[in-house]
Amino acid sequence: MNQNWLNDQRLEQIGWDKRTFLLNWIKENSYKKKEDLIPAMMALNATMQKKNLSFTEEEQKIFNEIILDAMTPAERQKVQMLQQMLSQRR
């Protein structure tokens, strides 16, 4: 995935604290194997709860669009499959 998405103007619609938190998480987890991403995403949710951070539906939508736009088709397919798996766990 290219890093041009970091300069996307739509990111400014997400609060600075949330944006910083999420960008740090991405930086820390960008090199994990795909089988390690589900536990990392679950840990992300737990950490967000501890820090009392939550994203509105609109913020989630914006971030997902930005990330998906920056991905290759193969990367996009993996993420969409991961999102589907996570939504089934809820």
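The mean positions of the 14 positive and 12 negative charges of the protein chain lie 6 Å apart, with Lys and Arg counted as positive, Asp and Glu as negative, and His and the chain ends left out; each charge is placed at NZ of Lys, CZ of Arg, CG of Asp or CD of Glu. Please keep in mind that this is a predicted model, in which local features need pLDDT of at least 70 and side-chain atom pairs count only at pLDDT 80 or more, while totals for chains, interfaces and linings use all residues. Residues are numbered from 1 along each chain as its sequence is written, and side-chain values use heavy atoms, with hydrogens and water left out.

**Overall fold**

- The protein chain has four helices and zero strands, in the order α-α-α-α from the N terminus; helices (H or I, at least four residues) and strands (E, at least two) are DSSP runs numbered from the N terminus.
- For 90 residues, a compact globule would have a radius of gyration near 12 Å, and the 13 Å of the protein chain agrees with that; the radius is taken over C-alpha atoms, and the globule rule is 2.2 Å times the number of residues to the power 0.38.
- The C-alpha trace spans about 30 × 30 × 25 Å along its principal axes.

**Surface and contacts**

- Of the 90 residues in the protein chain, 28% are buried (buried is under 20% relative accessible area, exposed over 50%, partly exposed in between, with a 1.4 Å probe and protein chains only).
- The accessible surface comes to about 6800 Å², and carbon and sulfur atoms hold 51% of it; areas come from the Shrake-Rupley method with a 1.4 Å probe, and for residues only the protein chains shown count as cover.
- Taking contacts (heavy atoms within 4.5 Å) between residues at least 6 apart in sequence, 67% join residues at least 24 apart.

- K18 sits in helix α1 (residues 16-29) and is buried, at 15% relative accessible area.
- The K18 side chain makes a polar contact with the side chain of E59 at 2.8 Å (a pair of N or O atoms within 3.5 Å; within protein, one must be able to donate a hydrogen and the other to accept it, and residues adjacent in sequence count only if both atoms are side-chain atoms).
- Leaving aside residues up to four places away in sequence, K18 touches L53, S54, F55 and E59.
- K32 is partly exposed at 38% relative accessibility, and beyond four places in sequence K32 touches L37 and A40.
- R76, in helix α4 (residues 73-89), is partly exposed, at 28% relative accessible area.
- The C-alpha atoms of R76 and Q49 are 27 Å apart, with the two residues 27 apart along the chain.
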